[in-house]
Each structure stands twice: as C-alpha cells, then as structure tokens.
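Reader: I would like to go through this model and ask what stands behind the terms used for it.
Author: Then put each term to me, and I will set the value against the cut-off.

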Amino acid sequence: MKRITFIVASLLICTILFAQTQASQEEIAFAQRIYKAQEQGDETAFQAAQKDYADYLLSKKNWGKYYNLWVNQVVFHVNNKHFYQAFTEIQKMTDDIEERKQTKYLYVAYQALGLYYVNRGNYEQGETYFKKALELVDTVSNQLAAANLHISLAQAQSYTNPAEAMKQLDRLPSLEGNPTTESGVLAYRCIIAFEMNDLKAFKKYYAKYDSIRQNFPEPFNEINYENVMVYHHMVEGHTAQALAWCDSLDSDIEAAELRAKVYEHARLWEKAFYEIERKDSLNRRMENEVLADNLASLSQTIDSLEEKERKAKIIRQQLIIVGVLATFIISLLIGMLLYRRRNHRLLKQQYAMVKEAQEQTANVLSIRKAFVKSMWERLKSPVQLLMNYANVFNNPDFRLKLEERPKAYHDIVDSAKQIGSLIEPVIESMAHDNTAISEQQKNVCQDALRSPLSSLIGMRKSLQRTRITISRKMNI
C-alpha cells in the first residue's frame, strides 16, 4: 500500500488532463509533461515541468491550482523517500500562503502534512491533519479538493480502521464520467476490501475496475494496478500468478510485503516468514538511506545557513564602516556649517561696522563740507577786499589820497584779523574729527594759511609806518 500516496497526485494531474472545459490547452500540455515525468521517475524532467507550470499559474494568479501543484511536489518527494525535502516544501508553501494572504488555501498545507505523516508511519497524526483540511475546504465549490481529502483520510484510516476508511470513500461525490478518477478510487477500494477480508466486496469493486480498464484503456488509471492484480489472483487461488505480479512491482519492499501476504494466504509459513524478514531488512536499509539523505540535506542546509551568516557578517561589518564614515562626514559637515555660520556672523558684524563707519564718514564729510562752505563764505569777503587793495596798490599811477589811507589801513587790518580768527577752528576741526589728518598735513595747512597772513600783517605795518610819517609831516 506504499504507492497509494501517489494516487492523490495522479488525481490532481489527471483531473486537469480530462477536465477540458476548465483547463486551457497550455495547462493540459503542462499537466501531460508532469504526469509523464512521474510515470518515468525522471526527477529532472519532473522538476522542470513543475516549475514551468507553476510560473504559468503564477502569471495567471490561479492560486487554487498553484498550491495544489505544490502538493504534487511534496508527494513526489515523499514517494521517493526525500522526507526532509518534502517537509521543507511544506514549510515554504505555508509561508507563501501567509505572505500572499491566501489563507483560504491553508487546507492544502494541512493535506500535505497529512500525506507526509502517513508515509512516515504516523497514521494518527496524518488523520488529524486530513480532518483539519476537510474543516477548511469548501466541499460545495471545490468538490475535487474534498474528494482528494476523503481519499487521503481513507488511506490514513486504512492502517488502523479499514471500515472507517471505506466509509470515507463512500462519502465521495459521484465519479461517473471520469474514468481516471473512478478507476483510481476503485483500485483503492479493492485493496481496502481485501485487507478487511471482505472478498464479496472485493469482487464487486474489481468487476467495475476491470470493466473500466477494458472499455476505457486510455483514461484508465494504472496506479496500484499491480497491487490489485496480486489481490485478485490471491482471491482466485492463483498463487503463481500472484507471485508473478509481485515481481512486476518496482519497489522491492512492496514486492516482499505482497509476497509475504501471498504465502500467508497459501499457508506457506516458512516462505512467508522469509519474505517478512527480507522486507524488514530492506526497510532498515531504506531507513538508513533516508536518514543519510536527510543528514546530507540537513548538512547542505547548515552549510547554506553558515554561508548566509558569513555574508551577513561581512555586510554588518561593511555597514559599521559605512556608518562610521557617514558619522565622520556628517560631523565634518556640521563643523563646516558651524564654521561658516561663525564666519558669516563675523562678516556680518564687520559689514555692520564698515557700514556704520561709512555712514559716520559720510556724516563727517557732509559736516566738513558745510563747515568749509561756511568758512569760505566768511573768507570770501575779506579776501576779495584784500585782492581789491592789492590791485589798487599794484597800479603805478595809484595816488592814494591822504584821507583814504587810514580807511585802507583799517580794512586790511580787519581782514587779516578775520582770516586769523578762522585758522584755529579749521585746524581743530581737522585734528579731532573721525577722519583726522596727520601732523605733517596739519603743519602744511597751517603754513598755507599763515604765510599770506604774515604778508598782510607786514603790509599793515608798512602802511602804519607810512601813516605815522605822513602825520608827522602834516604836524610840521
């Protein structure tokens, strides 16, 4: 009964093959590739066909068929005793369902777990997961999924409660019109009926099974056909034919198990005992191979995890270095910004000071200009007067009347005094304002003013002596 698990995958694929109204030509072609690879046991071809079909279903976002196809992947690993890979696939499928928020398909993951535990010999655990899956599936709109779950549950119960397993098959919807599915289920019924020692029921189911094989050879499901023929010849008492069908099985363990049953049925106890020992030996060897395969897969996974951890460590170190550099660059930028802000503040202060100085200079220049203009207005009259007298005195025909000379004298004296009175304010203004002149410039300015004043004063004295001489003469 070890090959019965494969019937689930066959039902999934064959339903697509023959449900022409529900599947496109592309889907049928994908399903044919997968079915052919399963029959031939070509894992490379099977994996390639599975991936191509899965990519197609993803592009169409057909989640129901996509996750059921994933179960086919789990079944393939289970049938080939790759239990570690099978369990890993179930974990991936569960994570994918949650990530895509397609929780209504969680029943598919439960179904896969049930298949896994049944084929590991834990039938009670398998039965539990199949029942959970049946609670979640919509049996009305998804009759195919419900049928597969009932078949799977019947498989789990056949080891512990064959009568209940047969009841599960009775709950299946009508399979008429689908020879592939019906023949697969009838093969299962034949096996369970024989295990229950219900030979009458066996003959009834076998008659329907053989009728489909003869009338519908193309869609006939050959899964478990060898097992059914072994039981058929046992029921008919054909021991040699039953043993010949045992030899046609691909699995040595399954062949040894069926031979033991044939010998037990023929009451050949010694040969039956030998086959049982042989089966146990093959089982132990298979378990060792499975364990070695699981350990190899686990070691590969550990190596992969270590490699990922090594890469993650390198990435963390790179991130730390990048973080330190980023912190340094940010600190440098902040320092530059603070430095520029400080310089900007100083430049702003200096600009304010320069602007204030410019305003003060402008004010001083304005005041000086007004002051100089005022001084010029005050100097212009005495200077003009002095110029007029100079022109008069410079005239060779000039004959100043005696009575006019005192007035000329006083005018010259007053003009000289007036100019002299302006010297000190000008000098003081130049020496004490914000744009003070140098000492040398101050001396030059003083000399420039005092030289003509000295000349005026000398002229005044000359005029004064002339006046005294004239007065004396007049007195005489």
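Reader: What makes Asn 224 count as buried?
Author: The model is a predicted one. In it, Asn 224 has 0% relative accessibility. Buried means under 20% relative accessible area, so Asn 224 counts as buried.

Reader: Where is Asn 224 found, and what is its phi?
Author: Asn 224 is in the loop between α11 (199–215) and α12 (225–236). Its phi is positive, about 70°, although the residue is not a glycine.

Reader: Lys 101 also has a phi to look at. Why is Lys 101 called exposed?
Author: Its relative accessible area is 70%. Exposed means over 50%, so Lys 101 is exposed. Lys 101 is placed in the loop between α5 and α6, and its phi is positive, near 55°, in a residue other than glycine.

Reader: Lys 104 has its place in the loop between α5 and α6. Is Lys 104 buried or exposed, and how do you know?
Author: Its relative accessibility is 58%. With exposed set at over 50%, Lys 104 therefore counts as exposed. As for its surroundings, the C-alpha atoms of Lys 104 and Leu 136 are separated by 7.4 Å, and the two residues are 32 apart along the chain.

Reader: What makes α6 largely enclosed by the rest of the structure?
Author: Eleven of its 14 residues are buried, so α6 is largely enclosed. Among the buried ones are Tyr 107, Val 108, Leu 113, Tyr 116 and Asn 119. After α6 comes Gly 121, with a positive phi near 90°.

Reader: How do you know that the span of α6 agrees with what its residues should give?
Author: The expected span is 1.5 Å times one less than the number of residues. For the 14 residues of α6 that should give 20 Å, and the end C-alpha atoms are 20 Å apart, so the two agree.

Reader: And what is the case for α2?
Author: The 16 residues of α2 should span 22 Å; its end C-alpha atoms are 23 Å apart, which agrees. The buried residues of α2 include Ile 28, Phe 30, Ile 34 and Tyr 35, and also Glu 27 and Gln 38. Just after α2, Gly 41 has a positive phi of about 70°.

Reader: What makes a set of residues a nonpolar core, and which members of the largest one touch the most others?
Author: The members must be buried residues of the nonpolar kinds listed for a core, joined through side-chain atoms within 4.5 Å. The largest such core has 43 residues, and Tyr 67, Met 93 and Tyr 107 touch the most other members. Elements that give two or more residues to this core include α2 (25–40), α4 (63–79), α6 (106–119) and α8 (143–158). The largest share, ten residues, comes from α4.

Reader: What does Tyr 107 touch, not counting residues up to four places away in sequence?
Author: Tyr 107 touches Asn 68, Ala 133, Leu 136, Val 137, Asn 142, Ala 145 and Leu 149.

Reader: Why is Leu 186 called buried?
Author: Its relative accessibility is 6%. The limit is under 20%, so Leu 186 counts as buried. Leu 186 is found in helix α10 (residues 179–195). Leaving aside neighbours within four places in sequence, Leu 186 is in contact with Tyr 205, Lys 208, Tyr 209 and Ile 212.

Reader: What makes α13 roughly antiparallel to α14?
Author: Helix α13 (residues 239–247) and helix α14 (residues 252–265) pack at an angle of about 170°, with their axes 9 Å apart. Angles over 145 degrees count as roughly antiparallel, so that is the term for α13 and α14.

Reader: Which residues meet there, and how do they divide?
Author: Thr 239, Ala 242, Leu 243, Cys 246 and Asp 247 in α13 meet Ala 255, Leu 258, Arg 259, Val 262 and Tyr 263 in α14. The residues of this contact divide into seven nonpolar, one polar and two charged.

Reader: How many helices and strands are there in the chain?
Author: The chain has 17 helices and zero strands. Buried residues make up 38% of its 476 residues.

Terms used. Residues are numbered from 1 along each chain as its sequence is written. This is a predicted model: local features need pLDDT of at least 70, side-chain atom pairs count only at pLDDT 80 or more; totals for chains, interfaces and linings use all residues. Side-chain values use heavy atoms; hydrogens and water are left out. Buried means under 20% relative accessible area, exposed over 50%, partly exposed in between (1.4 Å probe, protein chains only). Helices (H or I, at least four residues) and strands (E, at least two) are DSSP runs, numbered from the N terminus. Contact means heavy atoms within 4.5 Å. Axes are lines fitted to C-alpha atoms, for helices over the stretch in contact, and angles run from 0 to 180 degrees between N-to-C directions. Angles under 35 degrees count as roughly parallel, over 145 as roughly antiparallel, 65 to 115 as roughly perpendicular and the rest as oblique. Ala, Val, Leu, Ile, Met, Phe, Trp, Tyr, Cys and Pro count as nonpolar, Asp, Glu, Lys and Arg as charged, and the others, Gly among them, as polar.
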